[in-house]
Amino acid sequence: MELRTQRLTLRPPVADDVVAVHEIHRDPAACAHNPSDALRTPEEAANLLERWLEHWRGFGFGYWVVVRLPDAGRPLGFCGVKLTDVDGRRALNLFYRFDPATWGRGYASEAAREVVRWARDTLPDYPVVAKVRPANTASQRVALNAGLTRAEHLDRPGEDGPDLLFAAGWPR
């Protein structure tokens, strides 16, 4: 299942994407706000990619690989949703991570907006949430541009520090 925007194709990951997973997740800038996500070895990238593929096999959705149209060549990054629990409720965690060389061009917002649209249309019973570090203002802008709103009542401690939560479809 592919998603398309004006400039991007979002496609399910395949085994060959392990190189892009490693390259992007080993870049210190890409994981500056989430250092626990940083990868050091190709084996760690293979393990991460296998977890993504397992989610796809189990649920039929997950994190997409984002490539630019029309060439659809080297991945720009990753964007998608996976099942998570927030305050005892099942939700879809919105994830986006892009090659720092592509930052500032609106790709993350464009991809995240399409993923949120897909999630709300396809899985309307699940709210979409994004967990963002307080200092990561660029990621906060992406969450807002994707149609999520600030949900202070859901803020919590995260693995790498406090998480500010943004949500769509979360009942008040």
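Student: Is Asp87 buried or exposed?
Tutor: Asp87 counts as exposed, because its relative accessibility is 54% (exposed is over 50%, buried is under 20%, partly exposed is in between, with a 1.4 Å probe and protein chains only). This is a predicted model, where local features need pLDDT of at least 70 and side-chain atom pairs count only at pLDDT 80 or more, while totals for chains, interfaces and linings use all residues. Residues are numbered from 1 along each chain as its sequence is written, and side-chain values use heavy atoms, leaving out hydrogens and water.

Student: Where does Asp87 lie?
Tutor: Asp87 sits in the loop between β4 and β5. Its phi is near 50 degrees, a positive value in a residue other than glycine. Most residues other than glycine have a negative phi.

Student: OK, new topic. How many helices and strands are there?
Tutor: The chain has four helices and nine strands (DSSP runs numbered from the N terminus: H or I of at least four residues for helices, E of at least two for strands). Along the sequence they come as β-β-α-α-β-β-β-α-β-α-β-β-β.

Student: And at what angle do α1 and α2 pack?
Tutor: Helix α1 (residues 18-25) and helix α2 (residues 42-59) pack at about 115 degrees, their axes 9 Å apart. That makes α1 roughly perpendicular to α2 (65 to 115 degrees counts as that).

Student: Which residues make the contact?
Tutor: From α1, Val18, Val21, His22 and His25; from α2, Pro42, Ala45, Ala46, Leu48, Leu49 and Trp52 (contact means heavy atoms within 4.5 Å). They divide into eight nonpolar, two polar and no charged.

Student: Which residues of α1 are buried?
Tutor: Ala20, Val21, His22, Ile24 and His25. What covers them includes α2, β4 (77-86) and β5 (89-98). Val21, His22 and His25 are also among the residues in the contact with α2.

Student: Zooming out, what does the chain span along its principal axes?
Tutor: The C-alpha trace spans about 40 × 30 × 30 Å.

Student: How much of the chain counts as buried?
Tutor: Of the 172 residues, 50% do. As for contacts between residues at least 6 apart in sequence, 59% join residues at least 24 apart.

Notes. Axes are lines fitted to C-alpha atoms, for helices over the stretch in contact, and angles run from 0 to 180 degrees between N-to-C directions. Angles under 35 degrees count as roughly parallel, over 145 as roughly antiparallel, 65 to 115 as roughly perpendicular and the rest as oblique. Ala, Val, Leu, Ile, Met, Phe, Trp, Tyr, Cys and Pro count as nonpolar, Asp, Glu, Lys and Arg as charged, and the others, Gly among them, as polar.
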